[in-house]
Structures are given as C-alpha cells and as structure tokens.
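This briefing is intended for a reader who is meeting the structure for the first time. Please consult the sequence and the 3D view while reading the points below.

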Amino acid sequence: MDSFVIEKGKIYNISFDGKKVVSGWLLLITEEKKEYLIRQNSGLIGSGKYKIQRKIYKTNFSLKNYAIEGIELKKRLKKKSEYNFIGITASLILGAILRNNIPKNWIWGDTNLPINVITGMLNLLSFWLCIVLCFSVISFYRKIFFEYNLKKNKGNLVLIGKGYESKKYRENEEIKKKLNLIPVIMMLCFFIALTIIFPFIVQERLFAFIMTVILGALFFNGNVYSDKKTVNYKIIGLEKKYENN
C-alpha cells in the first residue's frame, strides 16, 4: 500500500522575475513552512468531485520569495486582457484575409458525408494525435523552462510523488455544496461537439491546429490561481528523506 501524508497549507502561483507568472506550476506552502511544487497544466481537468493525481516535486531552495497570491494575478490578467483586445482584433482581420486566400480544402479537407465509419475514425485519430502532440510539447517546454530558472538559482527539481486536494477551506466564505449543473452540461456538450462529433464529420487538416489552440486555451492554459485558499493536499508516495525538510 502506498504511503501518504496530508499537508495543510496555501497554494500560490510562481513568478521568477516579478512580471510573468510561470504557467503549469503551483507552490504549496504548508502551515509548517514546508514547500511543495505541484505540476498542474489545467485548472478545469481534475477539478470538482473527480480528482486526478498531479505530480509533486521538491527543490533544494526556498521559492517563498517568488510566490504570488491569486488576487495579484487577477489584477495582472485583467490588465493584460485589455491589451489582448488589440491582438484579438488583429487576429480576426488576419483570419478573414487567410480565409479568402487559402484554399478551403487546406483548412477543412473533405467532409465525411455520407457517414463512413472508417473515415470518421481516421479523422478522429489524426485530430487527437495533433492534440496530444501539441499538449505534450507545451508540457515539456513548461518543465524545461521551470528547471532552467531553478538551475540559475542553483536549484534542482526532484519528483517525490503524486497528490490532489482532499478538502478545501475558504476564509470568511462558506463552501457551496450544490453544484450548478447547467454550466457543466454546456461545457461537456461543447467539448464533445468540438473533439468528437465535428472531427468525425470533417477532415480538419489546418483547422485541427485552430481547434488545438482553442482547447489549449480552455483546458491546458496553465493559468491556475486561487485567492486566500487553504487546502488539505494528499501526497502519495512521499519519500522519507523529504518528510522532515
């Protein structure tokens, strides 16, 4: 049976330069001032009732001075979103230009109508291979980038186990027990349509990359944050030599 410990503490984002938040990583500082690094590329996947185990790491120097609270991150994201409006406008104009100048068969490919099961399965296979490859590259880059910044501070990164939030607490706020199912159902329908039905009917080709960007922005953006949230984090497979550090 795997050994585990339950650590109570607060979760923070990390910024090495005080300007840009590190995507895909969170810092758990316990009430005993122990520090754990959580590799978390998505805030939606594994949230709520159904938990997934995330990789837990330790390093040989303190990251407390690089911790950022969620409320500060919210302010930065709000300010950044104001500038993103220009980028969105430019993207819409560029998309219209490309749509009128790039052959449609490069973007969409052939439609699978009337439905052919084998063709549909091949479409799905190519689509999901594109998603898995892109997300794997993003995850690998985030890990390499994080390790690079640790090495600049003469630190290392050691995998010690896996874990998940076992229970949440909020300061001055009661936990809502009833889950609003409407947004969840809408998100689920959108996800199924975007990743199964649509790719099955249409050979997406270039549009598959656009879909990957959309899914990445929704489910794999690495921008996970919380405000004054205290958690009980269950860490499984914790190495003995780190328990008292």
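The points below are grouped by topic, from the overall fold to individual contacts.

The model is predicted. Its secondary structure comprises 6 helices and 7 strands, and the order of these elements along the sequence is β-β-β-β-β-α-α-α-β-α-α-β-α.

**Overall composition**

- The chain has 245 residues, of which 34% are buried.
- The accessible surface amounts to about 16400 Å², and carbon and sulfur atoms account for 63% of that area.
- Among contacts with a separation of 6 or more, 75% are made by residues 24 or more positions apart.

**Strand S1 and its partners**

- Strand S1 (residues 4-14) pairs with strand S7 (residues 229-236) in the antiparallel sense over 7 bridges; in this pairing, Lys-8 stands opposite Asn-232.
- S1 also runs antiparallel to S2, to which it is joined by 4 bridges, and here Lys-10 stands opposite Ile-29.
- A further antiparallel pairing, over 2 bridges, connects S1 with strand S5 (residues 67-68); the bridge partner of Ile-14 in S5 is Ala-67.

**The largest nonpolar core**

- The largest nonpolar core holds 14 residues, and the members touching the most others are Ile-14, Trp-25, Leu-37, Leu-63 and Phe-146.
- S1, S2 and H3 each contribute at least two residues to this core, with S2 giving the most, namely 3 residues.
- Leaving aside residues up to four places away in sequence, Ile-14 touches a set of residues including Val-22, Trp-25, Leu-37, Tyr-66 and Phe-146.

**Salt bridges**

- The model contains 2 salt bridges.
- One of them joins Glu-7 to Lys-34, with 2.7 Å between the closest N and O atoms.
- This pair links distant parts of the chain, since Glu-7 belongs to strand S1 and Lys-34 to the loop between S2 and S3, 27 residues apart.
- Glu-7 has a relative accessible area of 7% and is therefore buried.
- Lys-34 is likewise classed as buried, because its relative accessibility is 14%, below the 20% limit for that class.
- The side chains of Glu-147 and Lys-143 form a salt bridge with an N to O distance of 3.2 Å.
- Glu-147 and Lys-143 both lie in helix H3, where 4 residues, about one turn of the helix, separate them.

**The loop residue Lys-33**

- Lys-33 is found in the loop between strand S2 (25-30) and strand S3 (35-39).
- With a relative accessible area of 60%, Lys-33 is exposed, because that class begins over 50%.
- Lys-33 and Ser-62 are 29 residues apart in sequence, and their C-alpha atoms are 9.9 Å apart in space.

- Trp-128, Val-132, Leu-188, Ile-192, Ile-196 and Ile-197 make a nonpolar surface patch of about 520 Å².
- Helix H3 (117-152) and helix H4 (181-201) each supply at least two residues of the patch, and H4 provides the largest share with 4 residues.
- Ile-192 lies in helix H4, and its relative accessibility of 33% makes it partly exposed.

Note on methods: Residues numbered from 1 in each chain as written. Predicted model: local features only at pLDDT ≥ 70, side-chain atom pairs only at ≥ 80, totals over all residues. Heavy atoms only, no water. Patch = residues over 30% accessible without salt bridge, like charges linked within 9 Å, V, L, I, M, F, W, Y side chains within 5 Å. Areas by Shrake-Rupley, 256 points an atom, 1.4 Å probe, with all protein chains shown as cover. Salt bridge = Lys/Arg side-chain N within 4 Å of Asp/Glu carboxyl O. Buried < 20%, exposed > 50% of the residue type's maximum accessible area, 1.4 Å probe, protein only. Pairing = 2+ DSSP bridges. Contact = heavy atoms within 4.5 Å. Core = buried A, V, L, I, M, F, W, Y, C linked by side-chain atoms within 4.5 Å.
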